[in-house]
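Work through the exercises below with the structure open. Try each task before reading its solution.

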Amino acid sequence: MTTPATKDYETVEDRIRHLYSFDKSSQHLGIEVVEAEAGRVVMSMAVQDSMLNGHGILHGGYLFTLGDTVFAFVCESLGHPSVSRQAEITYIAPGSAGSKLIATGVERTRYGRNNIVDITIEDQDAQHLAELRVFGVHVPKK
């Protein structure tokens with residue numbers, strides 16, 4: 001089976017398109033790539049009623065999932081597939097049904113086989129919902 005880590009692509013668009021073709025979770029959740037360049041990726045996700053918790057607000061796990069997904073795509077945009085080894089999230093405001101989340105991720109540093117990516121998540125009205133910092137480790141290409 002071909003996986004995202006098995007091929008080298010020359011363009012960011014090709015790397016992102018290839019990773020997305022294997023990312024069944026993102027496809028299922030409706031996460032879409034909005035912009036992609038080397039080291040910076042913007043993705044979006046519409047909040048569905050099924051994503052709300054018992055308080056009627058977006059379950060924090062979906063915010064984290066969106067952020068972790070952006071992390072993977074930022075790493076892929078640089079041609080360095082990575083997995084998260086540690087992550088922290090700060091919830092700033094609740095998300096709501098019917099809103100559209102926009103997550104922007106930027107690689108801050110790379111050292112050895114490690115990297116740090118920061119992700120900001122806002123809604124369509126630019127309300128700041130969450131901040132993530134993900135510490136990753138590059139996976140060797142197979």
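Two strands count as paired if DSSP finds at least two bridges between them. Strands (E, at least two residues) and helices (H or I, at least four residues) are DSSP runs, numbered from the N terminus. The model is predicted: local features need pLDDT of at least 70, side-chain atom pairs count only at pLDDT 80 or more, and totals for chains, interfaces and linings use all residues. Residues are numbered from 1 along each chain as its sequence is written, and side-chain values use heavy atoms, with hydrogens and water left out.

**Exercise 1.** Find the residue in β2 that stands opposite alanine 36.

Solution. Start with β1, residues 32-37, and β2, residues 40-46. The two run antiparallel and are joined by five bridges. Across from alanine 36 stands valine 41.

**Exercise 2.** Give the order of the strands in the sheet, and name its edge strands.

Solution. The sheet is open and has six strands, in the order β1-β2-β4-β5-β6-β3, with antiparallel pairing. The edge strands are β1 and β3 (82-91), each of which pairs on one side only. From one strand to the next, the twist averages 20°; angles run from 0 to 180 degrees between N-to-C directions, and axes are lines fitted to C-alpha atoms, for helices over the stretch in contact.

**Exercise 3.** Describe how β5 is joined to β4 and to β6.

Solution. Take β4 first: ten bridges join it to β5, and the two run antiparallel. Glycine 105 stands opposite isoleucine 119 in β5. The β4-β5 hairpin has two residues between its strands, and glycine 112 in the turn has a positive phi of about 60°.

Now take β6: nine bridges join it to β5, again antiparallel. Asparagine 115 has glycine 136 in β6 as its bridge partner. Here the hairpin has four residues between the strands, with alanine 126 in the turn at a positive phi of about 65°.

**Exercise 4.** Which residues of α1 are buried, and what covers them?

Solution. Buried means under 20% relative accessible area, exposed over 50%, and partly exposed in between (1.4 Å probe, protein chains only). In α1 the buried residues are Val12, Arg15, Ile16, His18 and Leu19. They cover an arc of only 165° around the axis, so they lie on the same side of α1; the arc is that of the directions from the helix axis to the C-beta atoms. Their cover includes β1, β2 and α3, where contact means heavy atoms within 4.5 Å.
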